[in-house]
Amino acid sequence: MPGTWQPLTNQPTFNTSTSILLSDGRIMFQEEATNHWHALTPDKHGSYVDGTWSTLADMSFWRRYYASGMLKDGRIVLIGGEQSGGGGDTNKGEIYDPVTDKWSPMPSPPGWTNVGDASSCILPNGDLMIGSIFSGATAIFNPVTNSWTAGGSLAVDTNEETWILLPDDTIVAAQCFAPYQSERYSISSNAWKNEGALPVSIVDPAMHEVGPAMLMYNGKVIWFGAANVGGNGKTVIYTPPAVYTGTGTWTQGPDIPNIGGQAIVCNDCPGALLPNGKVLAACAPYAFNNWGSPIFFIEYDPFGNTLVQAPTPPNNGAQLFWSRFMLTPTGQVLFSPSSSHVEVYTPDGGPQDAW
């Protein structure tokens, strides 16, 4: 059965944006459209629902929609910004140290005048890889040497792609530009290869947007589609190859269920892997060349290969792209449409020991 929603006991006094889980259990939240950051600290029982807020140091300028991740030493790296106080698609980045509560600048990738809302992945060795929004080029940041090197190039622009790190230390991506196939990156060879065509369209061709993707406990990856295909949003499931040098397989997953007679899609929105093995995703009615509203929620169950609508919280009245998720150490998911109202989703069931 789907889970339940409840509000934070202490709601923020600001509109929330990007949230990042720190290694000490706090969650840092950017204040929407500002350079301010805040922290949500769980109470002494580990409850985020009853957590309290505090103020963190400001970053150098405000930014929205950027690449980010946690480095091996617990510092937070972020770079770019589709919109920012440093200009559109800025190439500037900075690193936050949660121990000293300080931000420090980082170098920009050599020759890159824009980073913007780059696809990104923290590699197993702790490096950050980002993709170019204007080409298939990638760059890799080494936080130890504080320098960049060139990564392997994809066949198409990486803009809007969702990158998923697999257990065999490769990265799989579905192309958001023609020919709308897929590619997989080998870290050891620093090269991308074609990983085959998808069985059904999941990319909105008008906006080149795709939905979230999630590596599940069964080793497969589910992708939620942003395209309206014959009156339904679609999903696809990727099974990695048995050997590192092989090619994985794609199969069609269940359709995203219609709601109120409308086609529902996952257009530029978040997802979360729940402790029970299911995947929670945000979604909304399809709108041509736009983002739909209100925001709904769906759960994919890999055991029965089913997709059902989940309950809807009361703070869902925004366009879909404003959605933000944060999976907490308690297994609950925080949701806010970039507002000062945060709801908490508690899933049913629990994990299996084998996971």
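User: Hi! What does the accessible surface of the protein come to, and how much of that belongs to carbon and sulfur atoms?
Analyst: About 13800 Å², with 52% belonging to carbon and sulfur atoms; areas come from the Shrake-Rupley method with a 1.4 Å probe. This is a predicted model, where local features need pLDDT of at least 70, side-chain atom pairs count only at pLDDT 80 or more, and totals for chains, interfaces and linings use all residues. Residues are numbered from 1 along each chain as its sequence is written, and side-chain values use heavy atoms, leaving out hydrogens and water.

User: In what order do the strands of the open sheet with β2 come?
Analyst: Its 4 strands follow the order β2-β3-β4-β5, with antiparallel pairing; two strands pair if DSSP finds at least two bridges between them. β2 (16-21) and β5 (52-56) are at the edges with a single partner strand each, so one side of each has no neighbour in the sheet.

User: And which residue is the bridge partner of F29 in β4?
Analyst: That's H38. Strands β3 (residues 27-31) and β4 (residues 37-41) are joined by 4 bridges.

User: Switching topic: is N316 buried or exposed?
Analyst: N316 is buried, at 13% relative accessible area (buried is under 20%, exposed over 50%, partly exposed in between, with a 1.4 Å probe and protein chains only).

User: Where does N316 lie?
Analyst: In the loop between β28 (306-309) and β29 (324-327).

Technical notes. Helix = DSSP H or I, 4+ residues; strand = E, 2+ residues; numbered from the N terminus.
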